[in-house]
Amino acid sequence: MLNKPGDGFWRGRIIVILLLCFVAGIMLAAYAKPTLLLYGIAVGAALVLTLPFFMLRRLRPMLFVPLALALGAFFCAGQQEALDAWSFGDGHQIIVCGKVRAISIDEDGWRATLKVSSADGQQLRSADIYLYGEGPAPAPGNSVEARGTVFSPEPYANTNAFDYRLYLRQEGIAGAVSAVHTGRVTIL
């Protein structure tokens, strides 16, 4: 027989509640878009409110709900800030340095997932980018300097068509640089 919602319904289901609150925090940060600092303050406040109960050993699982909500928002806001840090427009000539995380090779060239450390000589805390090149491919873990052109996927023109830009953001890819034809990639 199924339990009816009531006093004992949520007993033993606290992990589900906390995960739902974490997901709700992610959704809050994805749509509200305040700064990472604000969410960091919210996490600190939730910790300060929970800590006295933890020290007195009077824990109630529901005390962790605000903490789970704040942590979800904090992690999502951090990812959003990293994606927004890449502000280079389509066609911009750039020199980017970073470490290769992964690489895929085909007959036309290669595509590396690059953890960016600097762009145009400025330190940059950006999400990963795709670096396209030809010739000898760097290995994962190699540090590279690439001179190339920033490009963005075309926005989709048809209603309900696949949105490649949105897909890249969801995958944590902030942008793309092509060193094919006019660029150069140097393994450091």
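This is a predicted model: local features need pLDDT of at least 70, side-chain atom pairs count only at pLDDT 80 or more; totals for chains, interfaces and linings use all residues.
A residue counts as partly exposed when its relative accessible area falls between the buried range, under 20%, and the exposed range, over 50%. Aspartate 120, at 34%, is therefore partly exposed.

**Aspartate 120 in its loop**
- Aspartate 120 sits in the loop that links β2 and β3 (122-123).
- Its phi is near 55°, a positive value in a residue that is not glycine.
- For context, most residues other than glycine have a negative phi.

**How α1 and α3 pack**
- Two packed helices are described by the angle between their axes and the distance between the axes.
- Here, the axes of helix α1 (residues 14-32) and helix α3 (residues 65-84) come within 7 Å and cross at roughly 40°.
- The crossing of α1 and α3 is right-handed.
- On the α1 side, the contact is made by Ile17, Leu18, Cys21, Phe22, Ala24, Gly25, Ile26, Ala29 and Ala30.
- From α3 come Val65, Ala68, Leu69, Leu71, Gly72, Ala73, Phe75, Cys76 and Ala77.
- By type, the residues of this contact divide into 16 nonpolar and 2 polar, with no charged ones.

**The nonpolar cores**
- The largest nonpolar core has 20 residues, and those touching the most other members are Trp86, Val96, Leu114, Ile129, Leu131 and Val177.
- At least two residues of this core are supplied by each of α3, β1 (93-106), β2 (109-119), β4 (128-133), β5 (143-151) and β6 (173-178).
- β2 gives the largest share, 5 residues.
- Another core, of 5 residues, lies apart from it and includes Ala29, Tyr39, Ala73 and Ala77.

**Leucine 188, out on the surface**
- Leucine 188 is found in the segment after β7 (184-187).
- Is leucine 188 buried or exposed? With a relative accessible area of 64%, leucine 188 is exposed.
- Apart from its neighbours within four places in sequence, leucine 188 is in contact with Ser143, Val144 and Glu145.
- Leucine 188 and lysine 99 are 89 residues apart in sequence, and their C-alpha atoms are 9.6 Å apart in space.

Terms used:
Residues are numbered from 1 along each chain as its sequence is written. Side-chain values use heavy atoms; hydrogens and water are left out. Axes are lines fitted to C-alpha atoms, for helices over the stretch in contact, and angles run from 0 to 180 degrees between N-to-C directions. Helices (H or I, at least four residues) and strands (E, at least two) are DSSP runs, numbered from the N terminus. A crossing is left-handed if the near helix is turned anticlockwise from the far one by less than a right angle, and right-handed if clockwise. Contact means heavy atoms within 4.5 Å. Ala, Val, Leu, Ile, Met, Phe, Trp, Tyr, Cys and Pro count as nonpolar, Asp, Glu, Lys and Arg as charged, and the others, Gly among them, as polar. A nonpolar core is a set of buried Ala, Val, Leu, Ile, Met, Phe, Trp, Tyr and Cys residues joined through side-chain atoms within 4.5 Å. Buried means under 20% relative accessible area, exposed over 50%, partly exposed in between (1.4 Å probe, protein chains only).
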